[in-house]
Amino acid sequence: MRQSTPRRGRPPSITRDQIVERALHRLDEAGVDELTMKALAGDLGVTTMALYRHVGDKETLVALALDAIADPFATITYPDEPHACIRLAMTTLYTTLTAHPWVPEALIRPQRIGRGALLLADAVIGAAFDITGDRAAALAAYRALWSLTLGSVLSHLRQRAEGTPLSHDRMDELMGSVSGGSLPNLRASVLLDLQPSTGEDFEESLDALMTGLFASFGD
């Protein structure tokens, strides 16, 4: 009796959204360098070529992941009061970046910015212009706010990895290698730096920066 050959089923199908969602998990766990198309294809049970058909290449995939993270920014309802608008935008950005530790490094590369991030930046620059009435001053304020936020995020991520800036092992080693009378200000600050920074610390720094940026423009 002739045996029939089993029919092969259709290869697993996959969507771009599913690829991006799984890529986000890998990026959050291991970072950009550890994201490979081969490993991602294995996670999803498809061929590497199936991924390339949907996302082109790794650079495009990382850009799509950034888009996915930034898309919720487009749904934010900003307060009319400009100071409150800036606080909401920058604290949202801080919370998002600390939740996805690979993003600051990814943003170093050109052409990597989520569309929703443009709307957030526009809201902040617009609020700064409402306060200052000066386009150049508004742009300078946005750059300062971005620098504070990114610096705070990097500090937070470093603390998560190795302790607070003044209390981790390498800092202890360096401070122990110089005479006791040296570095008086750093030594006096060590006890204040034992606790990792928090979102509340960032908000205090943000308020302090905004006071300095906008004090001369009044309310």
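Q: What share of the contacts with a separation of 6 or more comes from residues 24 or more positions apart?
A: In the protein chain, it's 70%. Keep in mind that the model is predicted.

Q: Okay. How many helices and strands are there?
A: The chain has 11 helices and 0 strands. Going from the N terminus, the elements simply read α-α-α-α-α-α-α-α-α-α-α.

Q: And how much of the chain is buried?
A: Buried residues are 35% of the 219 in the protein chain.

Q: Let's talk about the core. Which residues have the most contacts inside the largest nonpolar core?
A: Those are L61, I86, M90, W102 and V124, in a core of 52 residues. As background, nonpolar side chains in soluble globular proteins tend to be buried together.

Q: What does W102 touch, leaving out residues up to four places away in sequence?
A: W102 touches L24, L27, D28, G31, V32, V62, A65, L66 and I69. Two of those, L24 and L27, are among the buried residues of α1.

Q: Good, stay on α1 then. Which of its residues are buried?
A: In α1, the buried ones are I19, V20, A23, L24 and L27. Looking down the helix axis, they fall within an arc of 140°, so they line one face of α1.

Q: What covers them?
A: The cover includes α2, α3 (48-55) and α4 (58-70).

Q: How far does α1 reach from its first C-alpha to its last?
A: It reaches 21 Å with 15 residues, close to the 21 Å expected at 1.5 Å a residue. After α1 comes G31, which has a positive phi, near 95°.

Q: Switching to charges. How many salt bridges turn up in the whole structure?
A: A search finds 3. In one of them, the side chains of R22 and D43 meet at 3.1 Å, N to O. R22 is in helix α1 (residues 16-30) and D43 is in helix α2 (residues 37-44), so this pair ties together parts 21 residues apart in sequence.

Q: What else does D43 pair with in a salt bridge?
A: D43 also meets R26, side chain to side chain, at 2.5 Å, N to O. That pair links distant parts of the chain too, with D43 in α2 and R26 in α1, 17 residues apart. Put together, R22, R26 and D43 are linked in a salt-bridge network.

Q: How accessible are those three?
A: R22 has 26% relative accessibility and counts as partly exposed. D43 is partly exposed as well, with a relative accessible area of 33%, and R26 is partly exposed at 22%.

Q: Which side chains meet in a salt bridge at 2.7 Å?
A: That's R87 and D207, N to O. R87 sits in helix α5 and D207 in helix α11, and the pair links distant parts of the chain, 120 residues apart. R87 is partly exposed at 34% relative accessibility, and D207 is partly exposed at 33%.

Q: α11, then. Which of its residues are buried, and which are exposed on the other side?
A: F202, L206, M210 and F214 are buried in α11. They cover an arc of only 80° around the axis, which puts them on the same side of the helix. On the other side, E200, E204, T211 and G212 are exposed.

Q: How does the span of α11 compare with what it should be?
A: It agrees: the 16 residues of α11 (residues 199-214) should span 22 Å at 1.5 Å a residue, and the end C-alpha atoms are 22 Å apart.

Q: And where is T198?
A: T198 is in the loop between α10 (184-189) and α11. With 36% relative accessibility, T198 counts as partly exposed.

Q: Last one: H83. Buried or exposed?
A: H83 is buried, because its relative accessible area is 17% and the cut-off for buried is under 20%. H83 is found in helix α5 (residues 82-99).

Q: What does H83 contact?
A: Its side chain makes a polar contact with the side chain of E81 at 2.9 Å. Not counting residues up to four places away in sequence, H83 touches I131, M210 and F214. M210 and F214 are among the buried residues of α11.

Methods
Residues numbered from 1 in each chain as written. Heavy atoms only, no water. Helix = DSSP H or I, 4+ residues; strand = E, 2+ residues; numbered from the N terminus. Buried < 20%, exposed > 50% of the residue type's maximum accessible area, 1.4 Å probe, protein only. Polar contact = N/O pair within 3.5 Å; in protein donor to acceptor, adjacent residues only side chain to side chain. Contact = heavy atoms within 4.5 Å. Core = buried A, V, L, I, M, F, W, Y, C linked by side-chain atoms within 4.5 Å. Expected span 1.5 Å × (residues − 1). Arc of directions from axis to C-beta. Salt bridge = Lys/Arg side-chain N within 4 Å of Asp/Glu carboxyl O.
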